[in-house]
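Hi everyone, thanks for coming.

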Amino acid sequence: MDRDTWIFMGLVVLALIFVSIVYFSFSTSIPIGTLVFLLIPLIWNCIVKRRSAKYLGFVFDDFFRNVGLGILIAFALVIFMIIIELNFQVESSVRELMLRSKSPVFIFFESFSFPESVLMFFMYNFLVQTFGEEVFFRGFILRGLLNRVKKHFAIIISSLLFGAVHLPLLFIAPGLVSLFFVINSVLIGIIFAYIFVKRKSLIPSWIAHTIANTFALIFI
């Protein structure tokens, strides 16, 4: 196996360890479901097909440029969140949504003080949630679609699937905020998919996704 595949598998192992600690410490199975997004691409791509993790877009070529692009995208997403909050004051609705959906935000928010809670949530996103979502929806789903359909169709289909996994929010906490989260997920999915196609790397969207999700903690 090449370097990138070893690093990818090492991060998956760290994700498993982190999730195990969270599970046994806080008695929650929420992060375990998210691991499916990591394990399916790992098993199918690296074990069954014996491909490099590069196939999934897990590459470290032009690393610093990709990280910088991810930070830039995250900055734009944070500005967007601030504008939404200032104009619509959705903090209380977001808090209710996260509470009803038993988001890991509350696990860390209630168990740790600031800034430890933010650090724990960042680690959860970096190693599990956003890592898994980017690997699965961009590296696995989008990459597979690009081999079968035209680029624009692949981007749209993968983004709609990304939005579809957020649909349960509409049943957990019906309302405009949940609908906004679903629509926003589709739009963000399009942006991340387009970047993946252009850069051939998961690094920019992974970094942007992690920072944006962590920053959203301030709304809670």
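Let's start with a quick one: does Lys200 count as buried or exposed, and at what relative accessibility? Have a look for a moment. Okay: Lys200 has 57% relative accessibility, so it counts as exposed, since the cut-off for that is over 50%. One thing to keep in mind is that this is a predicted model.

While we're at Lys200, check its backbone. Its phi is positive, about 60°, even though Lys200 isn't a glycine. You'll find Lys200 in the loop between helix 10 (176-199) and helix 11 (203-215).

Asp62 sits in the loop between helix 3 and helix 4 (63-88). Is Asp62 buried, partly exposed or exposed? Its relative accessibility is 41%, so Asp62 counts as partly exposed.

One more loop, then. Look between helix 6 (104-111) and helix 7, where Pro115 is found. The peptide bond joining Phe114 and Pro115 is cis, with omega at about 5°.

Now zoom out. How many helices and strands does the protein chain have? There are 11 helices and 0 strands. With a radius of gyration of 17 Å, close to the 17 Å that the globule rule gives for 220 residues, the chain is as compact as a globular protein of that length, so says the rule. The C-alpha trace spans about 45 × 40 × 35 Å along its principal axes.

What about the inside and the outside? Of the 220 residues, 46% count as buried. The chain exposes about 11500 Å², and carbon and sulfur atoms supply 71% of that. As for contacts, take those between residues at least 6 apart in sequence: 77% of them join residues at least 24 apart.

Rolling a probe the size of a water molecule over the atoms shows where empty space is left. The second largest pocket here has a volume of about 170 Å³. Two elements give two or more residues to its lining, namely helix 3 (36-48) and helix 7 (116-146). Which one supplies the largest share of the lining? That's helix 7, with 4 residues. If you want to find the spot on screen, look for lining residues including Trp44, Tyr55, Phe140 and Arg143. By type, the lining divides into 4 nonpolar, 4 polar and 4 charged residues.

That's my tour. Who wants to go next?

Note on methods. Residues numbered from 1 in each chain as written. Predicted model: local features only at pLDDT ≥ 70, side-chain atom pairs only at ≥ 80, totals over all residues. Heavy atoms only, no water. 1 Å grid on protein atoms, 1.4 Å probe; cavity = no way out; pocket = protein on both sides within 12 Å on 5 of 7 lines; lining within 4 Å. Points joined across faces, edges and corners; volume = space filled by probe spheres on them. Nonpolar A, V, L, I, M, F, W, Y, C, P; charged D, E, K, R; others polar. Rg over C-alpha atoms; globule rule 2.2 N^0.38 Å. Buried < 20%, exposed > 50% of the residue type's maximum accessible area, 1.4 Å probe, protein only. Contact = heavy atoms within 4.5 Å. Areas by Shrake-Rupley, 256 points an atom, 1.4 Å probe, with all protein chains shown as cover.
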